[in-house]
Amino acid sequence: MFPDGYFINGLLFFGKSLSKETYLAKGVRLEVPDLRTAGLDVLQELWQGNSRLLTALFANKMAMQIQWSVEDDFHAPLTDYSTATDSFTKSGRMTRWASLNRQFRHKEAQIALDAGLLKRERVHLYFGLKCNSMEAADLTSLNAYETYLRQQAVNFDAKLNVLNAIFPTARIQRMGDREHCQHYRRVLNPSMATRLSGSIQEATHGFREDKSILQNCLRSDAVAFKMPRHDGAVGITLDGMHHTVFVMRDRPAGTRMGDLLPLLSSVSKGVTVVFNIYPQDIEREIEMTRAEREEWLKYVNDPKSYGAADEVKRLGDKISFLQRREILPFRVLWTVKVCAPTIDELNTRSLAVKTALSALDGLEYHQVNEPTQATNLFHETLPGWLGSDYRDWDVYWENKNLRDVLPISSSFTGHLDEQPMAIYHTPAGGLCGVRLTTSNGTPQHTVVVGVNGSGKTATTIDLLTQASPYASYQAIFEEGLAYATYAQLNGLQSIVPRAGSNYTLNPFDTLGLPLSDENFREINAVCVRLIGRSKDEDRQKTRESLIGEYVTKLFFGAAKSFLQEDEARAYEIARRALLLSKRLETMPGGSSQIDAFTELRDLAAADPGRVDEMLSALTEEQIVTFANDPATKSEVMKCALAAFKPEQYPQFSQLWSLMKNGRMAHHKSVSMSEELDRLVSGLARGKAVGGTVGAFIDGVTNVKLDGAGIHVDYSFLQDGELKEIAGFVFPARVRQYIITRPRAELKLVVWEELRRLLRMPNAKEDVKETLAQFRKYKACALLSFQEASQIEEIDPALLDLILNQSKQFLFLRQNSKAAVDRMGDVIGLPEAARQAILDYELVEHQKGSSRGAFMTLFSREGSVPVCGTLVNRVNPYMLYVASSNGDTFDQRARALNRYSDVFDGVVEEVDKQLEAKSAKPRAA
């Protein structure tokens, strides 16, 4: 009969009241590699984990249930993905290009789902124990009941902690009351699997703690029936679905790692394998074995009892192994439950299961053929129910064999259940989700690594395309024009600077922010590049100090004039500067005026009245004192620059003029004058008139950094001064602009072919700054390069910084094990994943029409990394846009130039190609 049970304190409570007969259980969801696609190293690791699991189970004297199930329940994540696409479309946040590709992704996955080509394995482990140590005197009050259950919940958690050591690469999710309820509802209501596989809130709607498991989860009765065309087999109808149960009645003659693979691969849905495992008393087992051996000893000298001596020896060895704990005894109820919506489908799946079971040499199984038997065994498969006295089907197993057949295998899904930004297929026939932020929105800096021809650029562009609706801003830096078409399709301003271009980016422009140390760093870096770096470090520091003094004088002189022009404006700026100062006092250590400014700006956007209240609370005396106090006067000056218009900011030629003609009194010595003369001579090349850098840094900024984003490609800049300065100024200006955006918005910053970009001076500092500071502005960096040695030869410390600061990695094919180990040792990449990366087949070497870029996703979001293989098979439109070889690029550029809308051009050109190949009809 259905056991009396309740969800209490994160435990499954079986019994009418708390007593010696009460049985408690707790479950966990275990995500481990898929056995069917795992390499030998992974199989060995799982096999060793199974051994450790059985050892721990025996040591704790707990019973365990393993529930392995396979379904095609991808409906919920696909619906979420489609709903997000529709929402972005309606809100106008998605380009037609992103819409096209997201719809392709969803449609492709939905077709595979409808065709029965997708499957998802799940593993749940339940641990249980009987409260047989309890005495009636222990429970004298309700408080004693509650205390006992709370303590048992703590005890279970402590024992479950060992799972992290048993399966170090697994993701382990402890189940609470609602997770237990969701699993029960899935088991008891298979017709609602689609709905119940969604969010925990939806799946447990109506859950009540005061109701039993049966009341919370069971919607219909289980009714036994005779299965047609089966020799006496009995099935069960539940929730409009048909079930049959197989029970193992003898173990195989021998076992080896991977024996269960035929069963796990038999069908794509509707099968649940359940192992109820009970550790046995080892001393009792020894006594029973001794008794059996003594019986055999009676026949050793009987010539008719052939093999008696061998049996005596075997039993003697077993006793020795038991005494040394090399053998651990268990009783196991092994059942396989098959479910289908129709009798015909049930027959088909049952035949596949029987065929797979028959492949296990010596295994004896029984398909239930009696109604009571069917009902009892069905109840034995209920999640966590280990307290039944229906033990007639238990079979004796030992750990050395049991470890080989434990069904601990699950599908790799990445972040599929956590609102994925992008979805991909997996080689095992499932789906995988990828995100660029955590579930709470924290950006996850991502590294994409792959040799030439591995599909790295196409993968990065595809990921960006799917994720772009989530981002308010994108910035892409590259050399090679691989992203030019992508930029056009997504409305990014595409800038390809050349010598003599009329682009101007004024380093003195704070872009509406208070003056910060970053502004000084940027200007100083430009000046040093124009002047040249001295080999004498003391002299170099003197030069930088001189530049800093004149830059400060120029900035503060402009701010002072601005404040003096309008007394009311000066008062308001001082008031806001004071508020920033007070706000900064409440912020974490290391925060700056910029941090306080952006925090108050975002607060004002969300709740304008709140900031007005804070400003009103400041007295006139406080404001005047703050504006005139030498210790805080500079803060007002810095804040004044946030109110400048682009044309009001100082310019580079003004710095040159000030250093030439407006020298400070303490700089008029002969030696200082000579040094300043040298600096002025070098800086002259940065003036708009006659300078080699020209108008690029001297003048009013005319490059619009706002809008959907910016794409900068340095391909047409020859190596030299202009390229180096442009390579520094563009990222620095973009970083400054990103700070001006609301922090709640996601920004994406892409560094494509990082090795090329790092050849430019100060690029290393830009990358370091990106990794160190961008997260707090909700900016996610994507860094792409071919292999680790490219970065290491430039700066080994930078490679370590990239690997340590990044939280997510996409590893495509690598040719060098040393390169994989160099990265893997830093980030903790499993050995099995390293070998897989070396074995991935390049796209160009794949045969057939279904080619794709294979890669390992390694995400360090939680305490245990997410790690597994996915494959990127792009649609024809994405392939056309992302192809980066020279011939394709030139042909594409010429073709798209004929269209007024680049998206229309891409669709038209690809449709013509497909039509010519008769691959598909022309799109409307």
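The model is predicted, so local features are reported at pLDDT of at least 70 and side-chain atom pairs at pLDDT 80 or more, whereas totals for chains, interfaces and linings use all residues. Residues are numbered from 1 along each chain as its sequence is written, and side-chain values rest on heavy atoms, with hydrogens and water left out.

The protein contains 36 helices and 24 strands; these are DSSP runs, with H or I over at least four residues for helices and E over at least two for strands, numbered from the N terminus. Its C-alpha trace spans about 120 × 75 × 55 Å along the principal axes. Of the 924 residues, 54% are buried, a term that denotes under 20% relative accessible area, with exposed meaning over 50% and partly exposed lying in between (1.4 Å probe, protein chains only). The protein exposes about 39,200 Å², of which carbon and sulfur atoms supply 49%; accessible areas come from the Shrake-Rupley method with a 1.4 Å probe, and for residues only the protein chains shown count as cover. Where contacts (heavy atoms within 4.5 Å) link residues at least 6 apart in sequence, 76% of them join residues at least 24 apart.

The protein carries 110 positive and 116 negative charges, whose mean positions are 2 Å apart. In this count Lys and Arg are positive and Asp and Glu negative, while His and the chain ends are not counted; each charge is placed at NZ of Lys, CZ of Arg, CG of Asp or CD of Glu.

Side chains of opposite charge can pair when their charged atoms come close. With a salt bridge defined as a side-chain nitrogen of Lys or Arg within 4 Å of a carboxyl oxygen of Asp or Glu, the count comes to 64. In one of them, aspartate 901 meets arginine 96 at an N to O distance of 3.0 Å. Aspartate 901 lies in the loop between α35 (886-896) and α36 (902-917) and arginine 96 in helix α3 (residues 96-114), so this pair ties together parts that are 805 residues apart in sequence. Aspartate 901 is partly exposed, at 28% relative accessibility, and arginine 96 is also partly exposed, at 42%.

A further salt bridge joins glutamate 675 to arginine 543, with the closest N and O atoms 3.0 Å apart. Because glutamate 675 belongs to helix α26 (residues 670-683) and arginine 543 to helix α19 (residues 537-565), the pair ties together parts that are 132 residues apart in sequence. Both glutamate 675 and arginine 543 are buried. Salt bridges also link Lys817, Asp821, Asp825, Glu831 and Arg834 in a network.

Strand β22 (residues 808-811) is covered on both faces: Gln808 and Leu810 on one side, and Phe809 and Phe811 on the other, are all buried. In a regular strand the side chains alternate between the two faces of the sheet. Strands are taken to pair if DSSP finds at least two bridges between them. By this rule β22 pairs in the parallel sense with strand β16 (residues 446-449) over four bridges, and phenylalanine 809 in β22 is the bridge partner of valine 447. With strand β23 (residues 853-859), β22 pairs in the antiparallel sense, again over four bridges; here phenylalanine 811 stands opposite threonine 856 in β23.
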